[in-house]
Amino acid sequence: MSTFHNVCSVPSSLWLTGIPGLETLHIWLSIPFGSMYLVAVVGNITILAVVRVERSLHQPMYFFLCMLAVIDLVLSTSTMPKLLAIFWFGAGHIGLDACLCQMFLIHCFATVESGIFLAMAFDRYVAICNPLRHSMVLTHTVVGRLGLAAVLRGVLYIGPLPLMIRLRLPLYKTRVISHSYCEHMAVVALTCGDSRVNNVYGLSIGFLVLILDSAAIAASYVMIFRAVMGLATPEARLKTLGTCGSHICAILIFYVPIAVSSLIHRFGHQVPPPIHTLLANFYLLIPPILNPIVYAVRTKQIRDRLLQILKTGTKIR
């Protein structure tokens, strides 16, 4: 790798280091990361295939699940192939525009996923608190519009980030990113000039997405639990809460890692860089891996369909 001098310049490309401090272990690290990426791709494609062929799953909850699967595929694929290329071939070179594009995809689709979780919470609220109107409120058209609204919100919130870097901070003091992918703050830290506007905007978006979305989801579940507690028997309460179990697990899988990673990035200055970078990668891999597993294990229709497919495959062999 070339040596880059600490002089402000306009670069055409940047260099990703992978996991800083663990360069000698990159080959070994590629084994768990490659395995997790394979599991994420196979799991989410399986969910998409099962929902597509099983007509009984053509319901709002499973349409939202398919949206999550697509988002998780984009999130993992936007980072893992490049990371594996760094591990295997030392291919840390990335064009500036490609870096900003990767940054946009990561932050945009993380925002979209948060919006889908919010839409799923609304779906569960209507299904439990007003079940007679569920099919009228959550029509296929409404589900599609909610998904589109989540995408548009992600583009609207995150679109300015790469533009602000490209237009306001064109000069860079170094081209080496001590990270495995083009994370917003990691790129901003390389630039010359006043980056306070970028920092404030990034923090504001983080607040809007992480805090407000999670607060709205929590409020919906407070109303759901109140409705459940009004049911006559404990069996009815458990059955009704069981329909929310997968969604609650998926929410925790998404929000807990991203909250921990954000807090460490902002305030954990004593955390070693390898630990921070590993956590940042895990938060992009954990939801794509665990979401399909959670829904396959906890959702009877998906579980039964998967078992049927496996039995059919066994008989054919």
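Modeller: Start with Cys-192, which counts as buried at 15% relative accessibility. Buried means under 20% relative accessible area, exposed over 50%, and partly exposed in between (1.4 Å probe, protein chains only). The model is predicted, so local features need pLDDT of at least 70 and side-chain atom pairs count only at pLDDT 80 or more, while totals for chains, interfaces and linings use all residues. Residues are numbered from 1 along each chain as its sequence is written, and side-chain values use heavy atoms, leaving out hydrogens and water.

Now the partner. Cys-8 is partly exposed, at 42%. A disulfide (cysteine sulfur atoms within 2.5 Å) joins Cys-8 to Cys-192, with S to S 1.9 Å. Its S-S torsion is about -100 degrees, so this disulfide is left-handed. The link spans distant parts of the chain: Cys-8 lies in the segment before β1, and Cys-192 in the loop between α8 and α9, 184 residues apart. Helices (H or I, at least four residues) and strands (E, at least two) are DSSP runs, numbered from the N terminus.

Next, Cys-99 and Cys-182. Cys-99 is buried at 0%, and Cys-182 is buried at 0% too. Their sulfur atoms sit 2.0 Å apart in a disulfide. The torsion there is about -120 degrees, so the bond is left-handed. Cys-99 is in helix α4 and Cys-182 in the loop between β3 and α8, 83 residues apart.

That gives 2 disulfides, in the pattern 1-4, 2-3, counting bonded cysteines along the chain. Cys-66 is in no disulfide; the nearest cysteine sulfur, from Cys-249, is 19 Å away. Cys-66 is buried at 13%. Cys-101 is also in no disulfide, and the nearest cysteine sulfur, that of Cys-99, is 9.9 Å away. Cys-101 is partly exposed at 42%.
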